[in-house]
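These are my notebook entries on one structure.

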Amino acid sequence: MFSSPEVWREFFESYYQNELNRLADAIISLDGAGRSIYVDFLRDLAIFREGKLAEELLEYPEKVIEDASKGIELAFNIHDVRLENCVARFMNLPLTRRILIRDLRSEHVSKFISIEGIVRKVTEVRPKIVRAAFLCGACGNEVMVEQDDVMLKQPYECRNCQSKGRFILLPEKSEKVDSQRIRIQEYPENLRGGEQPQTIDVYLEGDLTGKVNPGDRVVVNGIVKARPRAYGSKKLLHMDIHVEGNSLEILQQEYEEFEITEEDVKKILELSEDPRLYEKVADSIAPIIYGYETIKLAIALQLFGGVPKKLPDGSEIRGDIHILLVGDPGVAKSQMLRYVHRIAPRSVYTTGKGTTSAGLTATATRDEVDGRWTLEAGALVLADKGVALVDEIDKMRPEDRSALHEAMEQQTISVAKAGINAMLRSR
Ligand SMILES: [Zn+2]
């Protein structure tokens, strides 16, 4: 292996001296927040020593990240302090390491990868023990045990009296770190018809916790971990995978950038001169359906969207319009919806029948794994900055339908339940 604390010390001193000094400042002033250095993978790491460290990080992330943290500890800084317990975080990975959630396989286990998706669920931020302190029941000696699994590991024996007997956990003397679990889902717009969106859980620690909300679009860089499924107290051969997050990049919530060629620009400019522009655009919506010019025009205007206005007194007026289609059965309302679902760059399709207010907006539930409260995003949050299409809205129960009011007019969704107070966006 090329990676060692010494090589990392050299790397940080030559590329991140300002960051090292900032960490030293934070340690001197006892500021607990943000003890980490963000390393730009493509800009810096990939060119350092012919990219050897970069390659090793991708293949053996566990050891390399540990080396990097030790390297930070050794590094020179203005206050000449030891930069203890600092974490190296890596971002801006090459797109070749960007793995689709549905393509995660056993070959990726223990490797450093990057996944992109929409945050579906977040748990509360809670402390987690990393080094547990135990009291020996026989002699009263204190024993520390490193924890690296989900289950609490007991000491094997007391170093003082060799007793293998009873040990009492001392929570207040144990070393703890903030922890949070989030669930990432594939982008709804990337699914082909009928595909079930796939998800993966990401474990976050330290200063990464409490950063994201359901509905956020993120890139998570981290290590793929596998662990045997538990069946009662037994462990099975089948494994579940999750990602141990090393860094988070929250993406700007804008439409994906389209490639517009010069020819496109020419055509667009040409069209803008056309006196029948409105009709032409409207006609291009669901051309297979005959008539309904007004509805098609309304849909076109909705897809283009408007501009939100801010009034002098600070209140805001939304810039997006909502459309309610009412009509007899069999007059192509659902056809229109499906057409919009196909062409809108970001859209979520759901049907009112059987949909609850929680499924549309957001809900706080107790998690099935560890009983923590989690906040889960519904269809309107997932369609933030896009189009949410609700078919058969009349089949919804009135109390569920009323959940739409805040989401439509204020374009926010407030959740206040079980100590979770959150405001999500639904634009
Ligand atoms: Zn003892």
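**Metal site**

I began with Cys136, which is buried at a relative accessible area of 2% (buried is under 20%, exposed over 50%, partly exposed in between; 1.4 Å probe, protein chains only). I note that this is a predicted model, in which local features need pLDDT of at least 70 and side-chain atom pairs count only at pLDDT 80 or more, while totals for chains, interfaces and linings use all residues. Residues are numbered from 1 along each chain as its sequence is written, and side-chain values use heavy atoms, without hydrogens and water.

I then listed the zinc ligands: the SG atoms of Cys136, Cys139, Cys158 and Cys161 coordinate the ion at 2.3 to 2.4 Å. Donors are N, O and S atoms within 2.8 Å of the metal (3.2 Å for Na, K and Ca); water is not among the atoms, so sites may look incomplete. The donors show the spacing C-x2-C-x18-C-x2-C along the chain. Cys136 sits in strand β4 (residues 126-136) and Cys161 in the loop between β5 (142-146) and β6 (167-169), so the pair ties together parts 25 residues apart in sequence. Strands are DSSP runs (E, at least two residues) and helices likewise (H or I, at least four), numbered from the N terminus. I recorded Cys161 as partly exposed, at 32% relative accessibility.

**Helix α5**

I located Val265 in helix α5 (residues 262-272). Val265 is partly exposed, with 39% relative accessibility.

**Domains**

I took the bounds from an automatic or database domain assignment: domain 1 (5-92), domain 2 (96-125 + 178-250), domain 3 (128-177) and domain 4 (262-425). The centres of domain 1 and domain 4, taken over C-alpha atoms, are 44 Å apart.
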